[in-house]
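Here is a short tour of one structure. Take a look at the model, then read on.

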Amino acid sequence: MRWQAKHDRDAFKEVWLLFDNEHGRFPLYPGESVWIEYAYTVGDDKWGNWFQRAVRLPTEQLEVQLVLPADLDPVVRGTETSMTAEASPLRTPPVRSDDAGLRHFTWITTTPALHARYRLEWRFRARPEPESDHGSTGD
């Protein structure tokens with residue numbers, strides 16, 4: 001599937017999936033469903049301490065997995081924001097597991113609200129926090 005960068009700034013990136021490739025388009029029609037799975041890696045020098053996902057299409061399940069170095073003792077928390085409400089804590093916390101020097105955090109929600117925005121933030125307890133503007137979301 002092709003993708004297009006809609007916003008590509010230092011503090012904020014937004015990518016749209018285009019539902020086509022070199023063989024043609026494959027639209028998703030009303031009543032149809034599809035499982036979309038994607039992954040990417042961002043270096044520590046290019047990323048802040050958060051990940052945010054907006055729900056713009058009806059979605060049955062949204063799952064986010066974060067894999068962070070266990071030796072930095074990461075902790076993760078999350079918030080949900082809607083068009084009508086301020087940010088509130090996630091209804092279910094991310095689930096943590098450790099494996100081979102990595103700490104995995106998995107968060108799943110079913111039937112997320114349309115136009116909801118989910119944000120996961122982490123900090124490393126074994127490393128001092130850098131000086132930054134924590135109030136800016138970049139969007």
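This is a predicted model: local features need pLDDT of at least 70, side-chain atom pairs count only at pLDDT 80 or more; totals for chains, interfaces and linings use all residues.

## Around W122

Beyond its neighbours within four places in sequence, W122 is in contact with W47, G48, N49, W50, F51, L66, L68, V75 and V76.

## The nonpolar core

W122 also belongs to the largest nonpolar core. This core has 16 residues. Those with the most contacts inside it are L66, L68, V76, W107, Y118, L120 and W122.

In soluble globular proteins, nonpolar side chains tend to be buried together.

## An open sheet

Which order do the strands of the open sheet take? The order is β5-β11-β7-β8. The sheet has 4 strands, and the pairing is antiparallel. At the edges stand β5 (50-54) and β8 (88-89). Each has a single partner strand, so one side of each is left without a neighbour in the sheet.

Now look at where β5 meets β11. The two strands run antiparallel and are joined by 5 bridges. R53 has Y118 in β11 as its bridge partner. Y118 is also among the core residues with the most contacts.

## Salt bridges across the chain

How many salt bridges does a search of the whole structure find? The search finds 9. Side chains of opposite charge can pair when their charged atoms come close.

One of the salt bridges joins R2 and D20, with the closest N and O atoms 2.7 Å apart. This pair links distant parts of the chain. R2 sits in the segment before β1 (3-8), while D20 is in strand β3 (residues 20-21), 18 residues apart. Buried or partly exposed: which is D20? D20 counts as buried, because its relative accessibility is 11%, under the 20% cut-off. R2 counts as partly exposed, at 43%.

## A tie inside the sheet, and a network

R77 forms a salt bridge with E121. Their closest N and O atoms are 3.0 Å apart. R77 lies in strand β7 (residues 74-81) and E121 in strand β11, so the pair ties together parts that are 44 residues apart in sequence. E121 counts as partly exposed, at 21% relative accessibility.

D98 forms a salt bridge with R96, again with the closest N and O atoms 3.0 Å apart. D98 is partly exposed, with a relative accessible area of 41%. R96 counts as partly exposed too, at 45% relative accessibility. Salt bridges that share partners join D73, R96, D98, R103 and R125 into one network.

Conventions:
Residues are numbered from 1 along each chain as its sequence is written. Side-chain values use heavy atoms; hydrogens and water are left out. A nonpolar core is a set of buried Ala, Val, Leu, Ile, Met, Phe, Trp, Tyr and Cys residues joined through side-chain atoms within 4.5 Å. Buried means under 20% relative accessible area, exposed over 50%, partly exposed in between (1.4 Å probe, protein chains only). Contact means heavy atoms within 4.5 Å. A salt bridge is a side-chain nitrogen of Lys or Arg within 4 Å of a carboxyl oxygen of Asp or Glu. Two strands pair if DSSP finds at least two bridges between them.
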